[in-house]
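Please work through the exercises below with the sequence and the structure open beside you, and try each task before reading its solution.

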Amino acid sequence: MAHVAGADHPSGLTGSSRTILDHYQSQVRTRRIYTLVSIAVFLIVLGASLDFANSANSGKFFERLPYLFDFMKSFVPDSPLEIFRAMFDLPSPYADGSIKYDYTSDRIWITDSFYIPNFFYQLAITINIAIVSTILGASGAFVLCFFAASNLVGSRAVRWFVRRIMEIMRAFPEIVIAGLLAAILSIGPISAIIAVWIHTVGALGKLFFEVVENADMKPDEGLRAAGASWVERVRFAILPQVLPNFVSYTLLRTEINVRASTIIGAVGGGGIGEVFSLSIGRDHAAKTYAIIILLLITVICVDQFSAWLRRRLIGHQSFEFGRGAA
Amino acid sequence: MSSVPTINAAERDRLLATYPQVFHRSFMQRWGLAVSAAVVVVYLAFCFAFFNVIPTFVNGNWDRASIYLQDWYSWRAQPRLRFQNGEVVPQWTSRGQYPQGANIPWMQPMPGGGYTVSFGGSDRLDVTPARVDIHLDGRSYPVEITSDQAVLPPGAPAAMEQDGNKVMVYFGFEGQAEIRSSQVYIQRRFLGWANFFFDTQSPFWGRSLPEVAGLMLSGERLDPNRSNASLALDNFLNNASWQHADILSKLMQTLVMAFVGTLFATLIAFPLAFVAARNITRSRPVNWGMKRVFDFLRSIDMLIWALFFTRAFGPGPIPGIAAIFFTDTGALGKVYSEALENADDKQREGVKSVGASPVIVQRYGTVPQVLPVFVSQSLYFWESNTRSATVIGAVGAGGIGLKLLESMKTNADWDKVAYMVLLILLVVFVFDNVSNALRSRLIGRKSH
């Protein structure tokens, strides 16, 4: 387009080669303009977002930044051993009657002489919430997913309906379910379990039915030829193919749910999240660090264990893509 | 499946010898599924006891549950008809849905004094200071009001009951009434959300939608200083009972948290992933260190980051952004460095062989291969962060999550909760589709 016949070209090319070069360069120019324009738009949106975030925040970023370091300086436990004492509910030498240094009264006594430190007990609650809701959610997703797969269910209406149910379960804010149930059942782990469970059904259901749709249909054909019923075909043709992936996704979901149940706990579902949000809100440095360390260890252990189990089940395969449905 | 094929003994032995792995399976192969199912059942039974499931459900406020659920899609008018000096005086709380002196079709003054409250059809209450007539299913039951109690007549149906000094009347979904010696407390329920567009202070209140539209397009100015359209918009956004402006700005905060947090995480994780990738930075300790940094950032829960920064910066989008940024820098860094390690080395070799500088080698040898994967992963994270930003907000970072939590704590704003949930669902669906469309343009239809 920008080619001018007969003009002296610096490249020393002639004729058709010059035309091609000119076209190439004009395309590169157009592309660069597009890139620059989109970067500019992007920066404007980003700048507006940052400005909006800063003005909406109760403390302004640059005003509060120096205090961040003050906060961190004041948030140092009296001695490193304090963290250890807070973790295992041992009496503190700094005890002055305030709950900041009162580690011992939270002990959960199992027998007269044996106790579980409170944070471990709360952590057990959180992990149990995660595991129970994953088991229940995976069962729900398992039942639903076959009805959403286009290679197993011919009726478009059924598939559409099941998929929309899953979408709503996935997108429905967990805190609303937890909050509604907390208003009915009073605050406690059960509302957290049900909230995480419902979300898990939606999230796993989507991943499950995609696995089912990618299954090889030849075994199914064989069973169909032998006169097997729908349930028998699903059981003997589809299930053996998809089960390893199902288990692997479920394990991945367990990792996510441990984090989710911690957060729901902080909103009012009980468990370690609630204890953590209380202790950080009251500036109990030692307790807070004790919980952070416990959570860090737990998350790393759960991640490593499930990664190891997944690798054993289906070999080395990255399932990070599954996080998108989280 | 009528006839089972039979085989002779020799054939049977041959099959057994040829496929031993089919006929002689290990214990775990045979019973593994059953054993794990049994373990799961035992575990669930343990948790059932551990979490006190049955007592919790038995002690639940189930009568309130139906009210809360009805509040999602309907609203209650709750006037008190007080008996004062031989007259009936309606009294509304500050949350009343009607302006002073409004003509309420279902609650009309009676010619001889008192009020008649209609509960749909012929069901109604005729309230006078001395007597309340309950009209239910075509029959009438007079309730005498004495100085210290209301007395239910004998032979009243189950929908009415004497509860100490007061009489309760239930009209089903339409509402209920509590008749005392000093007042009649009425709850009248209607489908829909009350005053969703305009509150009682607005000049547009009580007008039908076409009427409002007509006023906005070509009506006499209600406020001489500005057009009706801008007045209507202002009244809508500043609706006192629904707080549209506040809710929309909180929703915007949540979206900004997810967007900025994911974007910053992408921008920081991008160069760091090159440091962590074994095939690009040829130093094992540096790779190892970088990967452990990613692991550390990832493993500290988003909750911890959120609470920490809420303590430092106060509630608002900044802690949310910081929480998402720190967690996702770790997660994206890990995913990016894995993608880089899987990239093809030949192209980098090619660029290197013509004498390009190290940065140019990465720019033209690696980035074109991995960019689609990077962008698609970031879009995934953006999508999922739009959802998690709600929860992070509830923990204290602000945004729609905190607003939701506040509305739920009052136990009276479930209609507002429903409104916010609808907004969130809408936004999540829109974002899902946008990010799906962008992703499939980037890496083809193969991705889900």
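The exercises that follow concern a predicted model, and they take up a sheet, a set of domains and some annotated segments in turn.

**Exercise 1.** Determine in what order the six strands of the open sheet in chain B are arranged, and which strands stand at its edges.

*Solution.* Begin with the order, which in chain B reads E4-E5-E6-E7-E8-E9, with antiparallel pairing. Next consider the edges: strand E4 (107-109) and strand E9 (150-151) of chain B each have a single partner strand, so one side of each is left without a neighbour in the sheet. Finally, look at how E4(B) is joined to strand E5 (residues 115-118) of chain B, where three bridges link the antiparallel pair, and where Pro109(B) stands opposite Tyr115(B) in E5(B).

**Exercise 2.** State which domains are assigned to chain B, and what distance separates the centres of domain 1 and domain 3.

*Solution.* The assignment for chain B gives domain 1 (9-50), domain 2 (75-191) and domain 3 (244-443). Taken over C-alpha atoms, the centres of domain 1 and domain 3 of chain B are separated by 43 Å.

Conventions:
Residues are numbered from 1 along each chain as its sequence is written. Chains are lettered from A and ligands numbered from 1 in the order in which they are written. This is a predicted model: local features need pLDDT of at least 70, side-chain atom pairs count only at pLDDT 80 or more; totals for chains, interfaces and linings use all residues. Two strands pair if DSSP finds at least two bridges between them. Helices (H or I, at least four residues) and strands (E, at least two) are DSSP runs, numbered from the N terminus. Domain bounds come from an automatic or database domain assignment.
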